[in-house]
Amino acid sequence: MLLTGTTGTGKTHEAYGALRRIAAAGPCSYEVISITTADMYGRLRPKGSDRGTEEELRRLCHVPLLLLDDLGSAKASEWTEEMTYRLINERYNACRPSLYTSNLPARAPLDEHGHATGPDLTSALGGRITSRLSEDTRIIAMTGADRRRTAG
Ligand SMILES: Nc1ncnc2c1ncn2[C@@H]1O[C@H](COP(=O)(O)OP(=O)(O)OP(=O)(O)O)[C@@H](O)[C@H]1O
Ligand SMILES: [Mg+2]
């Protein structure tokens, strides 16, 4: 599942709500990793963890349930694109469930020339990643105001 929407629409809140529901309905114990994409890249960098890049990536690929928060928000590079591709491709091939949130729309609306009107997940992550997501991921667009600014 992918929750998209602008800042403060409640994506992270709903994603953790989904984890709680799964925990209530699922097996007695199972492993979950929930992490922001920026922190994930931090862990995957050389010296980012004691385990090392390949072992850290293997854990993220193999964990039964992954919540990856803020997909597409970190500054992109060839390296981040490659790491994200390897992770999502491996989970896609193995049909492992994943929850994603992103501030970017799955696809930006097109202008009259057929060009995207702004950034979207494809421009941030690359078409190979969003092609896989479009096949097996339910996309839910969250709308509304920034709840942090309207609270109270
Ligand atoms: N359904 C809800 N009921 C009550 N409070 C909520 C609900 N959804 C979100 N909130 C609160 O609104 C605030 C923003 O929610 P959240 O952090 O989930 O937004 P977000 O879409 O993930 O934002 P960002 O794009 O900045 O990561 C938080 O304080 C959260 O606790
Ligand atoms: Mg969030």
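The model is predicted, so local features need pLDDT of at least 70 and side-chain atom pairs pLDDT 80 or more, while totals for chains, interfaces and linings use all residues. Residues are numbered from 1 along each chain as its sequence is written, and side-chain values use heavy atoms, with hydrogens and water left out.

The buried residues in α1 are K11, A15, A18 and L19. They cover an arc of only 100° around the axis (taken from the directions from the helix axis to the C-beta atoms), which puts them on the same side of α1. An α-helix has 3.6 residues a turn, so residues three or four places apart point the same way. On the face turned away from this buried side, α1 carries H13, R20, R21 and A24, which are exposed (over 50%).

Turning to the ligand, the residues around ligand 1 (a heavy atom within 4 Å) are T7, G8, T9, G10, K11, T12, H13, E14, D70, N103, R147 and R148. Oxygen atoms of ligand 1 take part in polar contacts (N or O atoms within 3.5 Å): one is 2.8 Å from an N or O atom in the side chain of T12, and a polar side-chain atom of R148 lies 2.9 Å from an oxygen atom of the ligand.

D146, in the loop between β5 (139-141) and α7 (147-150), counts as buried because its relative accessibility is 17%.

Conventions. Chains lettered and ligands numbered in written order. Buried < 20%, exposed > 50% of the residue type's maximum accessible area, 1.4 Å probe, protein only. Helix = DSSP H or I, 4+ residues; strand = E, 2+ residues; numbered from the N terminus. Polar contact = N/O pair within 3.5 Å; in protein donor to acceptor, adjacent residues only side chain to side chain.
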